[in-house]
Amino acid sequence: MQNIPARTLDDLLVLEDKRMVDFIQQLINGLQIGSIYALVALGYTMVYGIVKLINFAHGDVIMIGSYVAITTIPLLAAFGAPSWLCIIASVLFCAFLGFMIEAVAYRPLRNAPRLCSIITAIGMSLFLENLAMLVFSPNPRPVPRIFSTKPIMVGGIQFTFNTLLTIIVSVSLMVAIQFFVKNSKTGRAMRAVSEDFGAAKLMGINVNRTISLTFAIGSGLAAFGSVFYSSTYPLVEPMMGSMLGLKAFIAAVLGGIGIIPGAIIGGLIMGVAESLTKAYINSQLADAVVFGILIVVLLVKPSGILGKNTKEKV
Amino acid sequence: MKKKLALLMAAVFMLSSLAAVSGCAKKDSGKILIGGLAPLTGEIAVYGNSVKNAATMAFDEINAAGGVLGKQIDYKVYDEKGDPSEAINAYNKLMDEKMVALLGDVTSKPSIAVAELAAKDGILMLTPTASAPDVTKPGSNIFRVCFLDPFQGAAMATFAANSLKAKTVAVLYNTSDDYSQGLAASFKAQAETLGLTVINYEGYGADDKDFKSQLTKIASSSPDALFVPDYYAKDALIATQARGAGITAPILGADGWDGVLTSVDASNISVLNDVYFSNHYSVQDTSEKVKAFVKNYTAKFGEAPNALAALAYDAAYMMADVLKTAGSTDSKALIKAMAAIKYEGVTGTIQYAGSGDPVKSVTIIRIVDGKYNFFDKVTPK
Amino acid sequence: MTKKTLKSYAVNLIAVMLLYGTMVYLSESGVLSRYYSGILVLVCINIMLAVSLNLTTGCLGQIALGHAGFMSIGAYTAALFTKWLDLSGAAGYLGYFGGLILGGLLAAVFGFIIGLPALRLKGDYLAIITLGFGEIIRAIIENMQFTGGAQGLRSIEQFSTLPVASGICIISVGLLTALMRSRHGRAILSIREDDIASEAAGINNTYYRTMAFTIAAFFAGVAGGVYAHYIGILGAKNFNFSKSVEIIIIVVLGGLGSFTGSIVAAILLTILPELLRDFENYRMLVYSIALILIMIFKPSGIFGRYEFSLTRAITYWVDVFKGKRKPFAALRSRNNKETED
C-alpha cells in the first residue's frame with residue numbers, strides 16, 4: 001500500500017518493522033518539543049513554588065527572549081562570531097526582565113488576595129505582547145539559522161543536530177537546577193521560603209532577594225527554551241509565547257506544580273502525548289486532548305504526578 | 001470622593017458622546033464618497049495596508065485625471081481590526097455618512113458579515129480580496145475582484161496532475177481557518193475527480209507551530225506533491241519542517257503563500273525551492289499596465305505590490321468605471337453597470353457571468369532561489 | 001415585604017420603564033442612526049457579559065477565564081435554533097426568545113458540569129481549568145460539522161435590535177441584582193469573605209459556588225445569543241481567550257463586586273474605542289497598563305463595592321429639597337476637616 005523509499009532500505013536497518021521506526025520517530029519529535037516545554041515549565045514551577053503565583057507573563061518572556069536573539073544575531077555576524085552566542089544575550093536580558101517584572105508588578109501585591117495577583121499577571125502578559133506588537137510590528141519575522149538543521153540518519157530514524165542538542169542541553173540544565181536547589185545555600189533558601197514565608201524571614205533569609213533570584217533564574221531558563229524553540233520553529237511574532245506558555249504551565253501542573261523534577265516529567269509527557277495524538281489519533285483535536293489532560297489531572301489528582309496532597313488548616 | 005468621581009465620569013461620558021455626534025454631521029457634497037473597510041491594525045494589518053495603499057493610489061490617479069462625473073472621489077477607509085463586529089460598526093458609520101458604494105472588506109469573515117447588511121441595504125459592494133464562496137451569496141449587489149477559493153483549490157489539483165504529473169498527493173491544512181479548510185476540501189475533491197490518490201489528509205490547529213508529527217506521517221508515505229493551503233507565516237514553518245522531515249516533493253499552495261519570502265531567513269531560503277502557489281498576478285508580468293502599476297507602487301510605498309494591492313488597484317478603477325457607465329451615483333444603476341462590466345485590469349480580465357464571482361485565470365508562481373518566478377497561467381474551461 | 005422594600009421596587013420599576021421607553025423611542029424615531037444603535041446593542045451585550053462575570057469573579061471571588069466559552073455555546077445554540085425554525089416576523093421573535101433561553105440553559109448546563117468539580121480547587125487552578133475549558137469548547141465547535149466547522153454559520157436573522165437587546169439587558173441585570181440582594185446573594189458574598197468561616201457557619205459552599213457559576217454561565221449564554229443575532233454570522237475564533245480577557249478588563253476596571261461599576265465600565269469600554277479610532281494601536285497597551293496599575297493602587301476598581309441605588313439617591317435629594325439635609329454634606333464636612341487641621 002505504501003512505497004518504502006529506497007534510501008531507507010539502503011541504510012542499516014536495526015529495526016525491521018517500519019511502523020516501529022515511525023513510532024520512534026514520533027517519539028523523538030515528542031521528546032524535542034517536550035524538552036522545550038520542560039524548560040519553560042521549570043520557570044513556572046519555580047515561581048509558583050516560591051510565591052504561589054501563576055506567572056502568566058512567563059510565556060511572553062520567552063517571546064522577548066526570541067526577539068533579543070534575532071536582534072543579536074546580525075550584530076554577532078558583523079563581528080564574525082557564531083550565531084549561538086545569542087543565547088548569552090537572551091539569557092541575560094530575560095533574567096533581568098524577570099527580575100524587573102517581579103519588582104515592579106508582583107512585589108507590591110505579595111500580600112494581596114490571589115485574585116489580584118492573577119489579574120496583574122494577565123495584565124503583564126498583555127502588556128508585553130502589545131509592547132512587542134508596537135515595537136516589532138505584528139508581522140512574523142524569520143530567524144536566521146542557529147544550529148544545523150541538516151537531517152542525520154541513524155538506523156532509519158531521521159533527526160537533526162538541532163533536535164539532539166535541544167534534548168541534551170535541556171535535560172542537563174534541569175539536572176543542574178535540581179542539584180542547585182537541593183544542595184546550594186541559595187537553593188535551600190528558596191525551598192525554605194516556599195515552605196514557610198514567615199519562618200524563613202525569621203531565620204534571617206533575605207526573602208526579597210531570594211524571590212528575585214528565583215524569578216531571574218526561571219526567566220533565564222526560559223531564554224534557553226526560547227533559543228531552542230526559535231531554532232526549531234524559525235519564526236518570531238508577538239503572540240508566540242501565549243500558547244507555548246499555557247502548554248508549559250499544563251506540563252508543570254501535570255508533573256506537580258512547585259516540584260522541579262515534576263516540571264521535567266510533565267514537560268516530556270506533554271510533548272510525547274501531543275506528538276502521538278497528532279500522529280495516531282487525530283491531528284485536528286490535539287489541542288483539545290492537551291487541555292483534556294489538564295482537566296483530568298486537576299480533577300483526579302490536583303497536586304500532579306509527583307505532588308503531595310495537603311489540606312488547608314484553619 | 002466616590003460621588004465626585006462618579007459625577008466626573010458621567011460628565012466625561014456626556015461630553016465625549018456629544019463630540020462624537022457633532023463630529024459626524026459634516027458631509028462634503030462636492031465629492032463622491034466611496035467607503036472602504038480594511039484591517040489596519042491587528043495581526044493582519046499587512047493585508048489591510050496593502051489594500052488601502054493601492055486603492056488610495058488608484059483613486060489619486062483617477063482624481064488627478066479629472067475625477068468622475070465632474071467630481072472628485074473621496075475614498076474613506078475605516079479600520080475594522082480584523083473583527084466582524086468592528087466591520088459592522090464601521091460599515092454602519094459609512095452608511096450614516098451616505099457612502100455611494102463600498103470597497104471592502106479584505107478578509108472573508110468580516111466581508112460575509114458586512115455582505116449580509118449590504119444585501120439588505122442594496123448598496124454596491126465590491127470586495128477586492130475576500131475569496132470565500134459565502135461572501136457573494138447574500139445578494140446580487142455583492143461582487144468580488146478575486147477568484148474563488150474552490151476555484152484555486154481545483155486549479156492547483158489540475159496543475160499537480162497535468163504539469164507535475166503527480167499520482168499521489170498529501171494535504172496538510174489548518175482546521176481552525178475557513179480559508180484553509182475550504183481550499184483543502186476543493187483540492188481533494190478535484191484531485192479525486194482527476195484520478196489522483198489523496199494518501200494523507202492531515203490537519204493542525206490555529207496556534208500550532210510544530211507539524212513534525214503530521215509531516216513524519218506524510219514523509220513515510222512519500223507523496224508526489226504536498227498541498228499546504230494556509231497563510232505565509234504558517235507556510236514558512238511548514239516548509240522548513242517538511243524539508244527537515246525528508247519531504248523532497250514539490251509543495252503546492254494558494255494565494256496565502258504570497259509574501260512567504262519575508263518569513264524565511266536568507267540562511268534557510270533553500271527550503272522554499274520547488275514551491276508552486278496560485279496567485280492573482282505576477283510582478284514579472286510584461287504587460288504595460290502591470291509594469292506601470294509595479295513601478296508607481298514601488299516608488300510610492302518602497303516595496304513591490306503584493307497580490308492584494310493589485311486586486312485593490314483594479315477594484316478602485318472598476319468603481320470609477322461603473323460610475324462613468326451609470327452616469328450617476330444611484331445604487332441600482334451602479335449595480336447594473338457592475339454586472340455588465342468587462343474590465344482589463346492588472347490581475348487580468350474581470351467580468352461577471354450572472355453572479356458576483358468573476359471568471360478569471362490563475363497565475364502559478366514558482367519560488368526558485370528566493371525569488372518569485374512566473375511559471376504558468378491556468379485558465380478555467 | 002416591608003413598606004420600604006415595596007417603595008424601593010416601585011421606584012426602580014418606574015425608572016426601568018422610563019429607561020426602556022427612552023431606548024425604544026430613540027431607535028424607532030430615528031434620532032439614533034444605525035451606527036449609534038449598533039454600538040448601543042454591543043454595549044448591552046457587554047453589560048450582560050460583565051455583570052454575569054462579576055457574579056463569579058467579584059461577588060463569589062473566584063476568577064473564571066473561560067467566560068467567552070459559555071458565550072459561544074449560547075450563541076451557537078440560539079443561532080442553530082432560529083435557523084432550524086426558519087420563521088420571521090412576530091413568530092420569529094418567539095423563536096428568538098426561545099433560542100436565547102435554550103442557549104442560556106445549555107451554557108448553564110456546561111457551567112454546572114465544569115463548576116461542580118472545578119470549584120473545589122483553589123483560585124489559581126480554577127483560573128487555568130476554566131481557561132482550558134474555554135479552549136476545548138472552541139476546538140470542539142471548530143471541528144463539528146453541524147456548527148459549520150471553521151466556516152461557522154451565516155445568515156442568522158438579525159433579531160437583536162436596540163429595543164429588544166436593551167430590554168433583555170435590563171431584565172438580566174435586574175434578575176442578577178435581585179439575586180445579589182437576596183439571602184442567596186449574601187451567602188455568596190460570605191464565601192468570598194471567608195469561605196472556611198462561612199462553611200462553618202452552615203452555608204453550603206459547594207451549593208452556592210456552583211449556583212453562582214451556573215447562573216453566570218446562563219447569562220453569558222443569553223448574551224451570546226443576542227450577539228449572534230446582531231452580527232448575523234458566527235465563527236468559533238471570535239470566542240477565544242482574548243474575548244474572555246476583554247470582559248475581565250471591564251469587570252476589573254468597574255470594580256469587582258459592583259454591578260454599577262460593571263455597567264459603567266462596559267459602556268465606557270465599548271464606546272471609547274469608537275471615539276478613539278486613531279489610537280487603536282495603543283489601545284490594548286493602555287488597557288494592560290491600566291489593569292496593572294489598578295491592581296497595585298486601587299484593586300477594588302473604580303467603584304469598589306459601591307452600588308448605585310435609585311431609592312437612596314431619590315430619598316437623598318428629596319431630603320435636600322425639604323431642607324432636612326444640605327447637599328454634598330459629606331464632601332463639605334471633609335473639606336472643613338482639612339482646613340481645621
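Let's start with one residue. B:L69 has 13 C-beta neighbours inside 10 Å, so B:L69 counts as partly exposed. What you see here is a predicted model.

Where is B:L69? It sits in the loop between helix 2 and strand 2 (72-79) of chain B. Its backbone deserves a look too. Phi of B:L69 is near 55°, a positive value, and the residue is not a glycine. Most residues other than glycine have a negative phi, and most peptide bonds are trans.

Chain B has another backbone feature to show. The peptide bond from B:G104 to B:D105 is cis, with omega near 0°. B:D105 belongs to the loop between strand 3 (101-103) and helix 4 (108-121) of chain B.

Over to chain A for a moment. A:S137 is not a glycine either, yet it has a positive phi of about 70°. You'll find A:S137 in the loop between helix 5 (114-136) and strand 1 (141-142) of chain A. A:S137 has 13 C-beta neighbours inside 10 Å, and therefore counts as partly exposed.

Now zoom out to chain B as a whole. Chain B contains 11 helices and 14 strands. Its radius of gyration is 22 Å, close to the 21 Å from the globule rule for 381 residues, so chain B is as compact as a globular protein of that length. Along the principal axes, its C-alpha atoms fill a box of roughly 65 × 60 × 40 Å. How much of chain B is buried? Of its 381 residues, 58% count as buried. Take the contacts in chain B with a separation of 6 or more: 67% of them are between residues 24 or more positions apart.

Next, the inside. The largest nonpolar core has 340 residues. Which residues have the most contacts inside it? They are B:A55, B:A101, B:L226, B:Y313, B:A316 and B:M319. In soluble globular proteins, nonpolar side chains tend to be buried together.

Pick B:L226 from that group. Leave aside its neighbours within four places in sequence, and its contacts include B:A170, B:L172, B:I218 and B:A242. B:I247, B:A249, B:I251 and B:L252 are also in contact with B:L226.

B:A312 is another one to find on screen. It is in helix 10 (residues 307-326) of chain B. Is B:A312 buried or exposed? It has 32 C-beta neighbours inside 10 Å, so it counts as buried. Beyond its neighbours within four places in sequence, B:A312 is in contact with B:V51, B:A54, B:A55 and B:P128. Compare B:S85: it is 227 residues from B:A312 in sequence, and 23 Å away in space, C-alpha to C-alpha.

Chain A next. It has 12 helices and four strands. A compact globule of 314 residues would have a radius of gyration near 20 Å, and chain A agrees with 21 Å. The box for its C-alpha atoms is roughly 70 × 50 × 35 Å along the principal axes. Buried residues make up 54% of chain A.

Follow helix 6 of chain A, residues 161-183. At 1.5 Å a residue, its 23 residues should span 33 Å, and the end C-alpha atoms are 33 Å apart, so the two agree. Buried residues in helix 6 of chain A include A:N162, A:T166, A:S170, A:M174 and A:I177. What do they pack against? The buried residues of that helix meet helix 2 (18-51), strand 3 (157-160), helix 9 (207-232) and helix 11 (260-281) of chain A.

Now the interfaces. Between chain B and chain A, 31 residues of chain B contact 31 residues of chain A. Helix 7 of chain B gives the largest share of the chain B side, seven residues. That side divides into seven nonpolar, 16 polar and eight charged residues.

Chain C also touches chain A. There, 29 residues come from chain C and 32 from chain A. On the chain C side, helix 5 of chain C gives the most, with 12 residues. This side divides into 21 nonpolar, six polar and two charged residues.

Last stop, the domains of chain C. Domain 1 covers 9-308 and domain 2 covers 309-341. Their centres are 35 Å apart, taken over C-alpha atoms. Five residues of domain 1 of chain C are in contact with four of domain 2 of chain C.

Conventions:
Residues numbered from 1 in each chain as written. Chains lettered and ligands numbered in written order. Predicted model: local features only at pLDDT ≥ 70, side-chain atom pairs only at ≥ 80, totals over all residues. Domains from an automatic or database assignment. Contact = placed C-beta atoms within 7 Å. Helix = DSSP H or I, 4+ residues; strand = E, 2+ residues; numbered from the N terminus. Nonpolar A, V, L, I, M, F, W, Y, C, P; charged D, E, K, R; others polar. Core = buried A, V, L, I, M, F, W, Y, C linked by C-beta atoms within 7 Å. Buried ≥ 20, exposed ≤ 12 C-beta atoms within 10 Å, placed from the backbone. Expected span 1.5 Å × (residues − 1). Rg over C-alpha atoms; globule rule 2.2 N^0.38 Å.
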